[in-house]
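Thanks for coming, everyone. Let me put the structure up, and then we will walk through it together.

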Amino acid sequence: MMMNNTMRFTYHDYFLLPEEKRAEIIDGDLIMEPSPGYGHQVVVKNIVKLLDRYVGLLKLGVVVPSPIDVILSEDNIVLPDVVFISREHYGIIRKQIHGAPDLIVEVISARHAGRDRELKMKLYAGSGVAEYWIADPETRTVEVYSLRRSVAAGQGAPLRRGMYYEVHGVFGPGNTVTSKILAGFEAKTDEIFAKPF
């Protein structure tokens, strides 16, 4: 639920909220979230397990599941479902994540699909998140997006200007998900969306 009013929330306001509340701040708007359901969490667990096995084997970095605060700016604090941070970017890890992870995964639901596909996609691209995955349990697909800079923006342009995502792949049932930033990573969509019973 988005709190629609003229008040703009910031990093400091966020940390005044009760710890047990799930909330995000996007462009200064406070968005309260209910806890995710069972099916959502199973998909998150499966993605974490698959990514962690690959990342750990090659000692590439760290994979962290939600809830973890990712502070992208003073008025943009999100709770992605899964983040990957490469060893080169360990400096952003403190009690929370302060900066753009290399990879963010959002497991969407019909209730939040628009926010994850539009609002968060723009935010993550503008913040410099190199790769963004959208996992959809309803369609059993994983969309993988890779960060690009518009030629018109020029190399010196601020991140929020000229950054966009290009489709790396849309992987449906029976397909194998690949990653641009994790070269060699492969995972079957059937593994990602598998339920224990």
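With 197 residues, a compact globule would have a radius of gyration near 16 Å, and the chain has 16 Å, which agrees. That radius is taken over C-alpha atoms, and the globule rule is 2.2 Å times the number of residues to the power 0.38. Keep in mind that this is a predicted model, where local features need pLDDT of at least 70, side-chain atom pairs count only at pLDDT 80 or more, and totals for chains, interfaces and linings use all residues. Residues are numbered from 1 along each chain as its sequence is written, and side-chain values use heavy atoms, with hydrogens and water left out.

Now the overall picture. Along its principal axes, the C-alpha trace spans about 45 × 45 × 30 Å. The chain has four helices and 13 strands. Those are DSSP runs, numbered from the N terminus: helices are H or I with at least four residues, strands are E with at least two.

How much of the chain is buried? Buried residues make up 48% of the 197. Buried means under 20% relative accessible area, exposed means over 50%, and partly exposed is in between, with a 1.4 Å probe and protein chains only. The chain exposes about 10100 Å², and carbon and sulfur atoms supply 56% of that. These areas come from the Shrake-Rupley method with a 1.4 Å probe; for residues, only the protein chains shown count as cover.

Next, contacts, meaning heavy atoms within 4.5 Å. Take the contacts with a separation of 6 or more: residues 24 or more positions apart account for 57% of them.

Charges next. There are 23 positive and 25 negative side chains, and the centres of the two sets lie 3 Å apart. Lys and Arg count as positive, Asp and Glu as negative; His and the chain ends are not counted. Each charge is placed at NZ of Lys, CZ of Arg, CG of Asp or CD of Glu.

Let's zoom in on Glu 24. Glu 24 lies in strand S1. At 2% relative accessibility, Glu 24 counts as buried. Which side chain makes a polar contact of 2.9 Å with the side chain of Glu 24? That is Lys 120. A polar contact is a pair of N or O atoms within 3.5 Å; within protein, one must be able to donate a hydrogen and the other to accept it, and residues adjacent in sequence count only if both atoms are side-chain atoms. A polar atom of the Glu 24 side chain also lies 2.7 Å from the backbone nitrogen of Leu 79. Beyond four places in sequence, Glu 24 touches several residues, including Tyr 14, Ile 31, Pro 80 and Arg 115.

Lys 120 comes up again with Glu 106. Their side chains are joined by a polar contact of 3.1 Å. Glu 106 sits in strand S8, residues 103-107. Its relative accessible area is 3%, so Glu 106 is buried. The side chain of Tyr 124 makes a polar contact with the side chain of Glu 106 too, at 2.7 Å. Leu 79 and Pro 80 are among the contacts of Glu 106, and so are Asp 116 and Trp 133.

On to Thr 189. Thr 189 is in helix H4, residues 189-192. With 1% relative accessibility, Thr 189 counts as buried. A polar atom of its side chain lies 3.2 Å from the backbone nitrogen of Gly 174. The contacts of Thr 189 include Arg 140, Phe 171 and Val 177.

That brings us to the backbone of Arg 140. Arg 140 has a positive phi of about 55 degrees although it is not a glycine. Arg 140 lies in the loop between strand S9 (131-136) and strand S10 (141-149), and counts as partly exposed at 31% relative accessibility. Asp 27, not a glycine either, has a positive phi of about 50 degrees. Asp 27 is in the loop between strand S1 (22-26) and strand S2 (29-33).

Where is the cis peptide bond that joins a residue to Pro 67? It joins Ser 66 and Pro 67, with omega about 0 degrees. Pro 67 is in the loop between strand S3 (61-65) and strand S4 (70-73).

Last stop, Glu 88. Glu 88 is in the loop between strand S6 (82-86) and strand S7 (97-98). At 67% relative accessibility, Glu 88 counts as exposed.
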